[in-house]
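Subject: Structure handover and notes

Hello,

Here is the structure you are taking over, with my notes below it. Please read them with the model open beside you.

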Amino acid sequence: MATTSADDAWLRELLLHGARHFDPRDTAEMAAVLAARDPAVDSTGEATRMLLSALVEAWERGWQPADVIHTVRRERAARAAQLTVALIAEDARVSDAASRAPAVWLTQLRELGALAPGDPAVVHAWHRAEGRPPGEAWRVVLQLAAAFGSLVRLDHILPPPSRWGAAAPRTVAAAAPDDARVLRRIRGLLAKAESTEFPDEAEALTAKAQELMTRHAVDTALLDAGPATSARTPVDTRRVHVDDPYVRAKMQLLGAVADANGVRLVWYQSLGIANLVGAATDLDAVELLFTSLLLQVAQALTGAERQAGRRSASRSFRRAFLLGYAHRIGERLRAARQQATEQAAAERGVDLLPVLRNRQEAVDDAFAELFPQVRSSRRTRASVDGGGWYAGRAAADRADVGSAQSSLR
């Protein structure tokens with residue numbers, strides 16, 4: 001039977017309540033004290049138990065594995081992220097996530113490499129593998145304790161482990177063949193758009209990708225509304241993580257892509273985390289296009305700096321460039337969607353508006369249920385660098401995402 005010593009109780013109290021109030025100097029000094037007391041680093045396992053307990057509490061507050069890693073990587077060193085993955089892997093083993101977790105949760109664990117079995121003495125094993133001085137290791141432990149203890153409450157879009165239920169044979173819902181084929185084509189087109197050195201070619205490739213997104217959404221909506229089914233469009237949720245710098249401007253770009261494709265978005269400003277609500281294939285497509293446009297706008301910004309004869313633009317210019325780019329991309333995406341929808345309606349000889357309206361209502365209803373306190377708002381444009389704003393809009397014009405057959409200018 002395990003017992004708790006006075007040292008264990010002191011360490012637990014320190015990690016639970018003390019670490020989050022430390023400044024960097026306090027953290028370094030306390031890490032040195034801990035290294036002198038326990039140079040083997042967590043020889044009793046109390047730090048591991050406390051950090052695992054903090055993860056369980058994070059899940060209950062709406063966090064998911066990828067959210068935690070995103071936050072740790074934003075605020076801590078790479079070694080802290082490695083320890084976090086090891087802790088998440090041990091939590092997954094204890095909770096039997098491999099057979100009980102929702103598919104999205106399981107996908108996150110797989111992408112993090114957190115499904116492989118590890119040593120239950122997580123912190124001690126991590127320290128041995130890292131081979132770092134005890135003081136450095138304890139400093140990371142203190143930083144993680146502070147980070148985990150500071151995780152705010154998020155909206156639940158997936159059930160936490162406490163609500164998974166008993167283990168059962170997992171049935172994986174595979175994407176329909178048409179969905180998978182369309183997504184492969186979109187991914188291929190965007191990859192080519194990102195790699196080409198010729199703006200005109202990138203425009204045509206990105207335009208074709210947006211056209212495919214819209215056409216596939218129309219086809220899916222018609223299928224959902226067909227006589228063979230009375231069910232509403234199935235709606236899914238997704239979290240997208242946006243990294244520094246210029247998180248707000250990048251979120252504006254994500255919002256523009258989401259809005260143009262019938263996906264609702266709400267984001268946590270201080271965390272760089274966005275919640276998306278929409279049809280599953282629309283969510284996949286939005287993520288693909290957003291990722292591609294981030295790469296394209298980075299290339300465009302470099303070109304704008306070179307054209308202006310500067311090695312590196314000011315922070316205000318870069319931020320304004322991204323905001324102008326996002327604003328113009330939103331205009332062009334909405335126009336492209338409308339044009340593609342009108343073409344599809346003409347080709348099929350049907351009125352698509354009621355069908356698409358029902359699809360959007362299903363998304364809106366799911367969004368309202370998940371986020372009842374959220375209200376839509378439109379921000380007025382704050383003071384920004386005018387040169388950067390218009391340079392960004394010009395770059396968005398060059399990243400044409402309208403119809404591949406005609407210009408939207």
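Helix α3 covers residues 46-60, which is 15 residues; at 1.5 Å a residue it should span 21 Å, and its end C-alpha atoms are 21 Å apart, so the two values agree. The expected span is 1.5 Å times one less than the number of residues. Helices (H or I, at least four residues) and strands (E, at least two) are DSSP runs, numbered from the N terminus.

This is a predicted model, in which local features need pLDDT of at least 70 and side-chain atom pairs count only at pLDDT 80 or more, while totals for chains, interfaces and linings use all residues. Residues are numbered from 1 along each chain as its sequence is written, and side-chain values use heavy atoms, with hydrogens and water left out.

The buried residues of α3 are Glu-46, Ala-47, Thr-48, Met-50, Leu-51, Leu-52, Ala-54, Leu-55, Ala-58 and Trp-59. Buried means under 20% relative accessible area, exposed means over 50%, and partly exposed is in between (1.4 Å probe, protein chains only). Which helices do the buried residues of α3 pack against? They pack against α1 (6-18), α4 (65-75), α5 (78-94), α7 (103-112), α8 (122-130) and α9 (134-149). Just after α3, Gly-62 takes a positive phi of about 100 degrees.

In soluble globular proteins, nonpolar side chains tend to be buried together.

Leaving aside residues up to four places away in sequence, Phe-148 touches Leu-51, Ala-54, Leu-55, Arg-61, Val-68, Val-72, Thr-84 and Leu-87. Contact here means heavy atoms within 4.5 Å.

Aromatic rings

How many aromatic pairs does the structure hold? It holds 4. Rings of Phe, Tyr and Trp (its six-membered ring) pair if their centres lie within 6.5 Å; planes under 30 degrees apart count as stacked, over 60 as edge-to-face and the rest as tilted.

In one of the pairs, the rings of Trp-59 and Trp-105 have their centres 5.0 Å apart and their planes at 75 degrees, so the pair is edge-to-face. Trp-59 lies in helix α3 and Trp-105 in helix α7, so this pair ties together parts that are 46 residues apart in sequence. Trp-59 is buried, with a relative accessible area of 2%, and Trp-105 is buried, also with 2%.

Trp-105 pairs with Trp-164 as well: the ring centres are 5.3 Å apart and the planes are at 85 degrees, so this pair is edge-to-face. Trp-164 lies in the loop between α9 and α10 (177-195), 59 residues from Trp-105.

Two arginines lie over rings. Arg-37 is over the face of Trp-10, at 4.1 Å from the ring centre, and the charged end of Arg-264 sits over the ring of Phe-367, 4.0 Å from its centre. A charge sits over a ring if NZ of Lys or CZ of Arg is within 6 Å of the ring centre and within 35 degrees of the ring normal.

Strand β3

Strand β3 (residues 273-278) is mostly covered, with 6 of its 6 residues buried. Ile-273, Asn-275 and Val-277 point one way from β3, and Ala-274, Leu-276 and Gly-278 the other way. In a regular strand the side chains alternate between the two faces of the sheet.

Strand β1 (residues 236-241) runs antiparallel to β3 and is joined to it by 6 bridges; His-241 stands opposite Ile-273. Strand β2 (residues 264-268) also pairs with β3 in the antiparallel sense, over 5 bridges. Trp-267 has Ala-274 as its bridge partner, and Val-266 has Asn-275. Two strands pair if DSSP finds at least two bridges between them.

Backbone details

A cis peptide bond joins Asp-244 and Pro-245, with omega about -5 degrees.

Regards
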